[in-house]
Each structure stands twice: as C-alpha cells, then as structure tokens.
Amino acid sequence: MPQTTQGIILQQIKYRDKKSILKIYTLQHGLQSYAVNVGRSKSSKIRPAHVAPLNQVEFVEHNRKTREVHVISEMRVIYIYQHLFADMAKNCLAQFINEILVKCLKEHQANEDLYFFIAVKLKSLDTTEKNISNFHLIFLLELADHMGFYPNNNYTDTNCLFDLQEGVFTDKVPPHAYYSDSEASFHLSQLIKALEEKKEFACSAQTRAELLKLLLLFYKLHVPAFGELKSLPVLKELLA
C-alpha cells in the first residue's frame with residue numbers, strides 16, 4: 001500500500017539508462033533501498049535534482065514486504081540547500097559526512113533522534129556563517145554518541161592516554177596498539193569538553209589533522225567494515 005515517507009538520500013546507484021537504486025535513511029524505517037525511474041522531462045515525477053546525495057526528501061513509497069528493494073513513484077525535496085553544494089568548503093565537508101553516513105547507517109529500523117540529528121546538522125552546515133574548520137570533528141563525536149560509542153572524557157593528569165578500543169582515558173599503556181599519546185589525548189579531551197560545554201574549540205591545522213586521524217581510527221574500531229574514505233584526501237588538503 002502506498003505511503004508517504006520522509007528521508008535523507010545517501011547514495012544513488014545507476015543500473016540502467018533511467019533506473020537507479022537509492023539508499024535512503026528514512027524517518028519511518030531506518031535505512032532502505034528503493035528502485036526509481038529518473039527522468040529529465042517536465043512530466044517526470046522524479047528528476048536528477050531530486051536524487052542528489054544528502055537531499056532531504058518526502059516521497060511516496062510502495063513497500064514490498066517480500067523484497068529488499070522497494071519502489072518510489074514520486075518525490076519532492078523538502079529542504080533546498082542554499083550553500084551546501086555551491087560553497088567549496090561546505091561541499092567538501094558534505095561529501096565527507098555523506099561517506100561517513102553511508103558507512104555507519106545500516107539499521108533497518110526507525111531512529112528518530114538519529115534521523116533528526118543528521119537533518120539538523122546538514123541544515124546547520126548549509127546556513128552557518130561561523131568558522132566550519134572543526135565541523136567534521138564535532139560531527140564525528142556527536143554521531144558516535146547517537147551510535148553508542150561516545151568516548152568517556154575521564155581525562156586527568158594521570159589518565160592521559162586515550163584507549164581507542166575501550167573509549168576511555170587511562171593511566172597505563174593498554175595491551176594493544178590502539179591508543180593515542182599524551183598530546184593527542186589532551187587535545188581530544190579538550191575537544192570533548194568544548195562540545196559538552198557548548199563552547200568553541202580552537203586548534204592548529206596540525207592538531208586538527210591529528211584529531212581527525214584519531215577519530216577515524218576510533219570509528220574503524222567500532223563500526224564493522226568501516227574501511228577507507230575516498231573523500232579524505234580532498235578534506236585534508238582543504239583544511240591544511
């Protein structure tokens with residue numbers, strides 16, 4: 001039975017001239033796959049502009065319970081980005097966030113808090129006039145919180161090594177290789193503190209690069225099959 005659904009497009013996979021499979025993180029069902037016909041004529045109900053990654057859309061779905069891929073008959077964009085794709089820095093961050101979401105969002109169940117977190121963060125990136133150089137670091141921490149592996153900020157002068165496997169600061173070198181040195185651990189604790197106290201976090205480009213490397217390793221340890229990021233080299237060059 002047709003029903004109206006709200007979602008954020010994560011990925012478009014073309015498999016015929018006008019046919020595509022869309023990976024959409026939906027408000028109602030979590031991650032879902034949909035078959036769509038994408039046309040360029042004025043009469044087409046789904047056009048290329050509708051299916052751009054990270055678009056926030058509303059659509060009519062035909063849910064086929066016996067199949068993993070459902071069908072969309074019509075779609076409209078419910079939030080039109082003004083700067084996200086036009087601004088080079090924001091577009092680069094958006095591509096990074098998009099890739100992170102593709103790797104992390106696997107559940108086929110509704111999670112309203114996570115859905116609205118993503119929707120609001122994308123709108124925030126689109127509209128903000130503030131410095132966005134640390135936006136991706138904050139996003140990674142906040143997303144980790146929603147996914148259940150947020151680091152415990154128990155940093156002290158003695159608990160000065162961050163154990164990435166356990167997600168805590170420790171006073172002893174862990175019995176594995178996944179921990180950060182005292183300097184990187186200190187910067188991570190300051191980033192977490194700034195986030196929790198809703199304060200601005202300032203750091204050098206070198207520190208920002210080290211924190212990004214640390215957080216991505218943290219994700220690799222806690223998200224199955226996380227792998228490498230294609231968008232990372234461009235992001236590093238932009239933020240250097």
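**Notebook: a predicted protein chain**

I began with Lys-18, which at 52% relative accessibility counts as exposed, where exposed means over 50% relative accessible area, buried under 20% and partly exposed in between (1.4 Å probe, protein chains only). I note that this is a predicted model, in which local features need pLDDT of at least 70 and side-chain atom pairs count only at pLDDT 80 or more, while totals for chains, interfaces and linings use all residues. Residues are numbered from 1 along each chain as its sequence is written, and side-chain values use heavy atoms, with hydrogens and water left out.

**Entry on Lys-18**

I found Lys-18 in the loop between E1 and strand E2 (19-26); helices (H or I, at least four residues) and strands (E, at least two) are DSSP runs, numbered from the N terminus. Which residues does Lys-18 touch, not counting those up to four places away in sequence? I listed Val-36, Asn-37 and Val-38, with contact meaning heavy atoms within 4.5 Å. I also looked up the pair Lys-18 and Gly-39, which are 21 residues apart along the chain and have their C-alpha atoms separated by 6.3 Å.

**Entry on the whole chain**

I counted six helices and eight strands in the protein chain, and from the N terminus on I read the order as β-β-β-β-β-α-α-α-β-β-β-α-α-α. The radius of gyration is 20 Å, close to the 18 Å that the globule rule gives for 240 residues, so the protein chain is as compact as a globular protein of that length; the radius is taken over C-alpha atoms, and the rule is 2.2 Å times the number of residues to the power 0.38. Along the principal axes, the C-alpha atoms fill a box of roughly 65 × 40 × 30 Å.

I noted that buried residues make up 48% of the 240 residues, and that, of the contacts with a separation of 6 or more, 60% are between residues 24 or more positions apart. The accessible surface comes to about 13,200 Å², and 51% of it belongs to carbon and sulfur atoms; such areas come from the Shrake-Rupley method with a 1.4 Å probe, and for residues only the protein chains shown count as cover.

**Entry on the cores**

In soluble globular proteins, nonpolar side chains tend to be buried together. I therefore looked for nonpolar cores, meaning sets of buried Ala, Val, Leu, Ile, Met, Phe, Trp, Tyr and Cys residues joined through side-chain atoms within 4.5 Å. The largest has 58 residues, and those that touch the most other members are Phe-96, Ile-100, Leu-101, Ile-118, Leu-143, Leu-216 and Tyr-219. The elements that give this core two or more residues are strand E1 (2-14), helix H1 (88-104), helix H2 (112-127), helix H3 (135-147), helix H4 (182-196), helix H5 (205-222) and helix H6 (232-239). I also recorded a second, separate core of twelve residues, which includes Val-38, Ile-46, Val-51 and Ile-72.

For Tyr-219, leaving aside neighbours within four places in sequence, I listed contacts with Ile-100, Cys-104, Leu-140, Leu-143, Ala-144, Phe-149 and Phe-226.

Ile-97 and Ile-118, which are 21 residues apart in sequence, lie 9.5 Å apart in space, C-alpha to C-alpha.

From Ser-189 to Asp-17, 172 residues apart in sequence, the C-alpha to C-alpha distance is 50 Å.

**Entry on loop residues**

Where is Lys-198 found? I placed Lys-198 in the loop between H4 and H5, where phi of Lys-198 is near 55 degrees, a positive value in a residue other than glycine, and where a relative accessibility of 79% makes Lys-198 count as exposed. Ala-225 lies in the loop between H5 and H6 with phi near 55 degrees, again positive in a residue other than glycine, and counts as exposed at 80% relative accessibility.

Last, I looked up Asn-111, which is in the loop between H1 and H2 and counts as partly exposed at 29% relative accessibility. Asn-111 and Leu-31 are 80 residues apart in sequence, and their C-alpha atoms are 9.9 Å apart in space.
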